Amino acid sequence: MNGQTSHQQPKDGRHDDDAALTEFLASLMDYTPTIPDELVEHYLAKSGFQCPDARLTRLVAVATQKFIADVATDALQQCKARPAVIKDKRDKQQKYGVNVKHQEYFADTPSAGLDPASRDE
Amino acid sequence: MSDGGEAEGRRDEHNDSNMRFGADEYSRAIARVAMAQICEGIGFEGFNESALDSLADIAIRYVCELGKTSRLYANLAGRMSCNIFDIVQGLEDMGTPQGFTGASEVHSDCVVSSGAIREIKEYLETADEVPFGQPVPHFPVISEQRMIPSFLQMGETPAFKCVPPWLPAFPDPHTYLQTPVWNERQSDARTDKIELARQHRKAERSLLSLQQRLICNGSSVATTSDEPYNEENGLEVNNNGNLIFENPLDAGKIVMSKISIPPKLSSQAHAEKKVSLLETFAPAIEAMKDGLESGSDGENTIPEKKAPVFLELKGGKKLFGEPLDLRIRNKAVGRAALWFGHNGENDDKKRRVEFILRQSLENQQELPQ
């Protein structure tokens with residue numbers, strides 16, 4: 001904080017801040033996130049996050065949901081933007097009687113992605 | 001949502017081979033469903049299983065990371081429990097690689113104006129509310145622990161002075177020592193035989209007294225002149241319990257008196273119970289008649305035809321009602337009879353066969369009438 005020049009401001013600011021914060025948290029409680037609270041609580045407890053306030057749990061849930069939504073939206077755009085080459089290729093293969101399983105993705109090592117995330121911690 | 005996954009076959013086999021679900025599986029399954037719902041809201045129509053798993057994994061990692069970072073900031077500030085500022089700080093940390101608006105601004109007083117919160121606010125306003133499909137119970141469920149009872153609870157005093165009584169009790173000695181399983185006692189053949197015979201006599205005595213009581217009840221209601229029979233029964237019962245083995249004819253007499261009762265009592269509702277009981281003795285009457293054929297008294301007042309019933313009896317032994325749960329006694333008596341030898345077994349069978357043939361002939365004569 002810039003100390004003495006703004007004595008008055010911090011107090012008023014803090015009141016406004018508190019009001020804004022309370023309002024924000026209230027709006028949080030109105031919204032029911034898709035990710036259930038119990039799940040979020042479970043994983044937060046696993047990481048050592050201790051808070052009895054349900055609003056903070058909701059905040060984490062909403063933040064996670066927003067993050068995933070961003071990822072999924074980008075993926076959808078990618079999916080639509082990608083040319084339909086692969087789909088045509090598969091159709092043509094079926095027409096000629098060739099059944100080849102299309103590899104979804106390629107991994108670096110054979111053990112990549114096998115261990116679940118939480119086991120790392 | 002349709003499933004477009006084909007590359008998961010291998011993974012499913014791996015899962016099926018060891019079908020044990022870890023503690024994680026439940027929460028992962030919930031996360032998968034939540035992710036699928038989010039994506040459906042965004043506009044996806046189909047999902048690869050592997051992609052869904054990855055997305056659920058990402059979400060779980062995000063939550064864990066956020067929790068860890070918030071805890072870190074709270075501990076840094078000297079607190080054990082986190083607050084909103086810690087979370088906001090964590091959010092900003094996690095959003096740093098992508099950047100969020102307002103990162104360059106110095107933290108002003110209001111945390112709500114921070115970029116991360118602003119973005120969340122925007123999301124709250126624009127996004128549709130899609131709650132989770134099913135109610136989720138609180139987990140993990142902590143099962144009740146069964147504690148070992150203390151010395152005080154068991155009512156024991158510890159063997160050693162150094163052990164306080166409020167501690168859990170020591171295990172019983174049979175858990176770590178070889179203790180005898182049952183009381184071993186010497187078996188004497190002669191005393192066993194005597195004991196067995198005594199039990200047989202006792203069983204037969206009680207059976208006779210039961211019959212006597214039935215007869216008494218029946219006679220008291222119907223006022224029949226069965227007193228002589230009762231006296232006989234009383235006499236015989238009191239004399240010796242070896243009635244079965246020594247006086248088969250007398251035993252037959254008792255049964256005959258009972259047979260004479262049913263026609264007189266048939267009209268009375270109270271006696272119907274007795275009648276049904278007496279009917280249960282009907283199979284035993286067959287056995288009696290076999291013994292009585294040879295030494296017949298003039299008291300064969302058997303009106304109805306009896307269905308032939310083969311009792312599983314050893315020779316030389318007569319029994320009363322088997323259906324009265326006297327099978328145990330039957331077996332015991334059977335064993336006792338063996339001591340007296342298999343004298344008349346074949347004769348009994350012959351007699352039974354003859355009797356049945358005679359009965360069938362009589363029936364054939366009766367039927368045309």
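Which residues does Thr64(A) touch, not counting residues up to four places away in sequence? I took this as my opening entry, and I note at once that the model is predicted.

**Entry on Thr64(A)**

I looked up the contacts and found that Thr64(A) touches Ile35(A) in chain A, together with Ala59(B), Tyr62(B) and Val63(B) in chain B, with residues up to four places away in sequence left out. I then placed the residue: Thr64(A) belongs to helix H3 of chain A, which covers residues 54-81.

**Entry on chain A**

I turned to the chain as a whole. Chain A contains 4 helices and 0 strands, and I read its pattern along the sequence as α-α-α-α. Chain A has 121 residues, of which 31% count as buried.

**Entry on H2(A) and H3(A)**

At what angle do H2(A) and H3(A) pack? I found an angle of about 95 degrees, with the axes 9 Å apart. The range for roughly perpendicular is 65 to 115 degrees, and H2(A) and H3(A) are therefore roughly perpendicular to each other. I listed the residues that make the contact: H2(A) supplies Asp37(A), Val40(A), Glu41(A) and Leu44(A), while H3(A) supplies Thr57(A), Arg58(A), Val60(A) and Ala61(A). Sorted by class, the contact of H2(A) with H3(A) has 4 nonpolar, 1 polar and 3 charged residues.

**Entry on H2(A) and H2(B)**

I then examined a pair of helices from the two chains. Helix H2 of chain A (residues 37-47) packs with helix H2 of chain B (residues 24-42) at an angle of about 130 degrees, their axes being 10 Å apart. That angle makes H2(A) oblique to H2(B). I recorded the crossing of H2(A) past H2(B) as left-handed.

Which residues of H2(A) meet H2(B)? I found Leu39(A), His42(A), Tyr43(A) and Lys46(A), which meet Asp24(B), Ser27(B), Arg28(B), Ile30(B) and Ala31(B) in H2(B). By class, I counted 4 nonpolar, 2 polar and 3 charged residues in the contact of H2(A) with H2(B).

Terms used:
Residues numbered from 1 in each chain as written. Chains lettered and ligands numbered in written order. Predicted model: local features only at pLDDT ≥ 70, side-chain atom pairs only at ≥ 80, totals over all residues. Heavy atoms only, no water. Contact = heavy atoms within 4.5 Å. Axes fitted to C-alpha atoms, helices over the stretch in contact; angles between N-to-C directions. Parallel < 35°, antiparallel > 145°, perpendicular 65-115°, else oblique. Left-handed = near helix turned anticlockwise from the far one by under 90°. Nonpolar A, V, L, I, M, F, W, Y, C, P; charged D, E, K, R; others polar. Buried < 20%, exposed > 50% of the residue type's maximum accessible area, 1.4 Å probe, protein only.
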